[in-house]
Amino acid sequence: MVLRMHLLVDFPSIVKRYAPIFEDCFSEAHYKHFKKAVSGFIVSENKTIEGMNRIFVNDSTDQSTFNKFFNSDRYDLEYINEKRLELLQGLASTRFKTGKKQNGVLSVDNSLLKHYGKKIDNIYYHFDYVHKCYRWSHDLVTLYYSDNKTDYPVYHRLWLPPDWEAVALFFRARNFTINQQKWDNRNQHAQQWRNYIRSRYRQGRKKYPEVKQVYETKVHIAEGLIRKFCSTYPDVDYPIALDTGFTSAELCEIITNELSRDYVGALQETQKMIDPKDGQDIALKDYVARLRKNHSSNSDDLDASEPQVKQIKYAYRGKEQSCYAYCGIHRIKGFKKKQKLVISFTRKDLTDMPRFTIVNRLDWHPVSILQNRRHRWPVETFHQEGKAEGLYKYQVRNYRAVQTYIGLVVVAFCMLKCAIQDDALQNEIQQRLQMKTDGTLPFLRRLMKAEGLLLLMEYIFIKAQNGDFLASIYQPLALKIAYT
């Protein structure tokens, strides 16, 4: 049987090294809880508040006190995030890269944090496109930074469920037509009402963009995060990578015209473009069929006027990547200006699922486009690693506690990211544990568990050396393991 209870007699060396930058965010008591929480996210197998509280041998604090820390409004989560970014900017390898050789990319993505309780604040019944089912969950929107050396979240926000009645009242006050019969029957036919007002919202927000003050979509949240970054870091000019859920003409125009930034967007195969041959609408999947047909033809039969696919090689974090891609300038339905379109495949015979990428820079080479798109992948990895840190394991109902929990998971994640690039800390850990790190977060977490075991052994040895009986040493440890 494997013992999965990791007891701590001291904070992990990673926490002790980086926690002081956050000290002025908290009172003395809350600062201790902060270090305990971050340590728990790194080391504990049980990421609940109760589970993290149990692993500390010399701390007799009741779990309810630790729980109150997560619910407290006596510290500023925005300021904690600022200090986290300050920590990351303090290391050459993790700071935002600038200058001619800057290779950073900002990505926007969302992730469902699924739960089984319906009584958690702002929980919503979302459709999970991965598992093709509905789940009770929160939806986390993240602005993520990636370069050739590191990657980490910059800003994040939870999407809030819409108050459709408030949206309807907003439109009614501006004489934007809301069907009176549907309004009167909104409580008796709730689902029909939601479907109706959702469609009116999509139409009305074009005329009244200020409606987002009543209800913000995930795209609006993404816009706010991007604007915040551009305002806070005006001298840092990174392209913004968007997945299919955020590549809207509305957001892309804001990024181009208002923020003067470049974007790398992703389209679905059902998206339509203007066929350069006859000027008619054609779905991207039908254009792909033409690509495949032409690609499979004999070289003597190739029509020079038909789109061509070529092998493209590009570098990502020191490693060569290769794909087969078509590149051209096209008009995409819904977009006012022409877009540079790249349709890429992994297999030479083009039998795999294609990826559709657009950029607003018509002068970019496919190599640059594919490199920037490749930098969107780390945000997906963050969602995997973040969930290993406990990103969706919170068992709190209060919205403030949920926000605190997520914010501190991000802090723990970034402390590990700093530790990977911190040579002095790496040497200290290796000398103490006589083990080399492999530069990955999972291994670093396991090293912190090994360090905790070493400190526990030292603790027991010193206690025994001082004359304590093994029974008296064992009892408090057993109580922690037995969950009492």
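Analyst: Happy to; here are the terms, one by one. This is a predicted model, in which local features need pLDDT of at least 70, side-chain atom pairs count only at pLDDT 80 or more, and totals for chains, interfaces and linings use all residues. Residues are numbered from 1 along each chain as its sequence is written, and side-chain values use heavy atoms, with hydrogens and water left out.

User: Why are H6 and H8 called oblique to each other?

Analyst: Helix H6 (residues 164–173) and helix H8 (residues 190–207) pack at an angle of about 45°, with axes 10 Å apart. Angles under 35 degrees count as roughly parallel, over 145 as roughly antiparallel, 65 to 115 as roughly perpendicular and the rest as oblique, so H6 and H8 are oblique.

User: What makes the contact between H6 and H8?

Analyst: Contact means heavy atoms within 4.5 Å. On H6 the residues are Trp164, Val167, Ala168 and Phe171, and those on H8 include Trp193, Ile197 and Tyr201. The contact residues of H6 with H8 divide into seven nonpolar, one polar and four charged.

User: How much space lies in the second largest pocket, and what lines it?

Analyst: The second largest pocket holds about 460 Å³ of space. Lining residues have an atom within 4 Å of a point on a 1 Å grid; a pocket is an open set of points where a 1.4 Å probe fits, with protein on both sides within 12 Å along at least five of seven lines. Of the 22 lining residues, the closest to the centre are Leu77, Glu78, His156, Arg157 and Gln403. H14 gives the largest share of the lining, seven residues.

Definitions and conventions: Axes fitted to C-alpha atoms, helices over the stretch in contact; angles between N-to-C directions. Helix = DSSP H or I, 4+ residues; strand = E, 2+ residues; numbered from the N terminus. Nonpolar A, V, L, I, M, F, W, Y, C, P; charged D, E, K, R; others polar. Points joined across faces, edges and corners; volume = space filled by probe spheres on them.
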